Amino acid sequence: MTGTTVAGMTGTSASEGAGTNQQDAGPLVLDGLTGLTLLTDITTAPDTRPEYDRLEREWGVVAPVDMEPGVPAWLVLGHREICEVMRNERLFSHNPRYWNGHSVLPASGTLLQVINPQGRMAADLQDGEQRRRLREPVDDAFAGVDESAMVDSVRRQCESLVDRFADRGSADLVWEYAAMIPMLATADLLGFDEQTSRRLVELARAVWTGGDNASSSGEEMGAIVFRHIASRRADPRPDLTTALVQHPGFENDLEVMNTIFAVVGAGDGYTMSWITQTLRILLSDSRVANRLAGGRMDLDDALDHVLWYAAPSAHLSPRYATQDVQIDGKYVRKGDALVMAVQAANTDRQVHTEDPWDEVGNRAHLSFGTGPHSCPAPRLARIIARVAISTLLRRLEVRLAAEPDQIPWAPSLWARFPLSLPVTFPPPTEVAQDW
């Protein structure tokens with residue numbers, strides 16, 4: 001048996017390493033490896049860079065890890081290798097039907113929400129012509145968004161959330177603010193009323209965290225979205241749902257629903273993490289805060305700093321090898337899962353300087369992905385994050401209510417964000433600052 005070669009190939013034939021786990025006996029394979037690092041051990045570490053460095057010293061720029069105990073995957077750490085995988089959907093599919101590990105997939109948990117044996121017809125889990133057909137309506141719908149109206153809507157939602165805790169003098173900026181805004185903003189774009197939007201926030205949180213009621217919450221979400229699609233087909237409105245419903249690229253309403261789920265899922269978790277990470281850094285890193293306050297960087301520069309150094313999606317959901325292939329001397333078998341360590345790539349010393357301020361204004365990071373499955377709406381995500389942060393900083397003079405190194409990290413496979421962000425503040429004032 002032989003394997004295709006891609007970036008990082010050591011020159012050893014695949015057949016030499018088949019069935020062995022010793023690097024000196026041939027290319028490494030996943031089968032039989034035990035005691036592997038869990039992805040959540042990385043995302044919850046005080047600092048991710050030492051974790052990536054340790055893996056690279058032990059394994060190279062492609063390392064075996066466990067997505068969940070007993071569910072192995074390759075973690076791709078190198079910038080060049082990640083670009084190679086993400087840009088080649090012929091060799092590395094985003095469709096989980098190619099995965100060879102369905103037999104070890106837990107019956108519940110967050111991993112099931114990403115790697116579903118049933119699959120679904122949405123662009124994020126398809127490749128080739130199917131991806132292009134299903135992605136076009138999404139790109140067209142986002143291109144038609146009125147950004148000025150969106151800014152006004154997001155600002156109103158942020159003001160309303162701040163009003164809820166402004167007089168209290170304390171708040172948790174994760175669950176009382178950052179976790180709410182992206183879902184509310186997306187639901188508004190889709191045309192849901194406020195009451196339904198808030199219910200969707202509750203249901204989405206239950207689904208993405210994979211708790212005991214994740215399945216029933218997902219079913220209720222599906223019912224709400226499907227009814228909404230039917231109502232927009234009968235009574236079109238100027239919203240994202242109507243744009244998707246009326247697009248000729250979809251073959252049925254199930255595809256529309258799956259696309260809405262994909263949009264909500266990706267945008268909600270990613271943007272929430274981006275907002276939270278930016279607030280954490282502004283409240284705990286005086287270098288960034290002082291540069292922002294002193295006018296040496298603006299809020300967009302601060303947001304870019306976070307994308308480089310604290311990527312909201314530390315790891316991207318898996319690609320699956322469609323044939324045997326060698327990367328960095330590892331024998332990646334057909335069906336193996338490969339997880340992209342975006343945070344490792346963004347700080348890869350081969351493509352990154354040691355001076356963080358060199359990156360101000362530079363958006364060549366991989367935080368929005370690259371290739372055919374890159375984020376379809378990075379500009380809209382930026383609008384939500386910018387408005388959320390500027391509104392809070394204008395309304396309240398927040399101070400971190402805990403030592404930065406005592407703030408726990410959320411146990412997520414993919415995102416990297418604080419589990420809570422407790423703050424205190426004096427009575428609200430209008431801070432005269434142009435963010």
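Predicted model: local features only at pLDDT ≥ 70, side-chain atom pairs only at ≥ 80, totals over all residues.
1. Phe165 has a relative accessibility of 0% and therefore counts as buried. Phe165 is among the residues with the most contacts inside the largest nonpolar core, together with Tyr177, Ile181, Trp274 and Ile275. That core has 84 residues. Helix α13 supplies the largest share of the core, 13 residues.

2. In one of them, the ring centres of Phe165 and Phe425 are 6.2 Å apart and the planes stand at 50°, so the pair is classed as tilted. Distant parts of the chain are linked by this pair: Phe165 belongs to helix α7 (residues 147–165), whereas Phe425 lies in the segment after β11, and 260 residues separate the two. Phe425 is also buried, because its relative accessible area is 8% and the limit for burial is under 20%. Through ring pairs, Phe165, Tyr177 and Phe425 are joined into a cluster.

3. Turning to Trp274 and Phe368, these residues form an edge-to-face aromatic pair, with 5.7 Å from centre to centre and 75° between the planes. This pair, too, links distant parts of the chain: Trp274 is in helix α13 (residues 253–284) and Phe368 is in the loop between α16 (342–346) and α17 (378–395), 94 residues apart. Both partners are buried, Trp274 at 0% relative accessibility and Phe368 with a relative accessible area of 16%.

4. When neighbours within four places in sequence are left aside, Ile275 is in contact with Ala178, Ile181, Pro182, Ile384, Ala385, Ala388 and Ile389. One of these partners, Ile181, is itself listed with Ile275 among the residues with the most contacts inside the largest nonpolar core.

5. Two arginine side chains are placed over aromatic rings. The charged end of Arg416 sits over the ring of Trp409, at 3.6 Å from its centre. Arg97 lies over the face of Tyr98, and here the distance from the ring centre is 4.4 Å.

6. An open sheet of 3 strands shows the order β5-β11-β10 with antiparallel pairing. Its edge strands, β5 (170–172) and β10 (399–400), each pair on one side only. Strand β11 (residues 422–424) runs antiparallel to β10 and is joined to it by 2 bridges. Within this arrangement, Leu400 stands opposite Val423 in β11.

7. Not counting residues up to four places away in sequence, Gln126 touches Asn95, Arg120, Met121, Arg131, Leu134 and His373.

8. Most residues other than glycine have a negative phi. Asp328, although not a glycine, has a positive phi of about 55°. Asp328 is placed in the loop between β7 (325–327) and β8 (330–332). With a relative accessible area of 18%, Asp328 is buried, since the criterion for burial is under 20%.

Note on methods. Residues numbered from 1 in each chain as written. Heavy atoms only, no water. Helix = DSSP H or I, 4+ residues; strand = E, 2+ residues; numbered from the N terminus. Buried < 20%, exposed > 50% of the residue type's maximum accessible area, 1.4 Å probe, protein only. Contact = heavy atoms within 4.5 Å. Pairing = 2+ DSSP bridges. Phe/Tyr/Trp six-rings, centres within 6.5 Å; stacked < 30°, edge-to-face > 60°. Lys NZ or Arg CZ within 6 Å of the ring centre and 35° of its normal. Core = buried A, V, L, I, M, F, W, Y, C linked by side-chain atoms within 4.5 Å.
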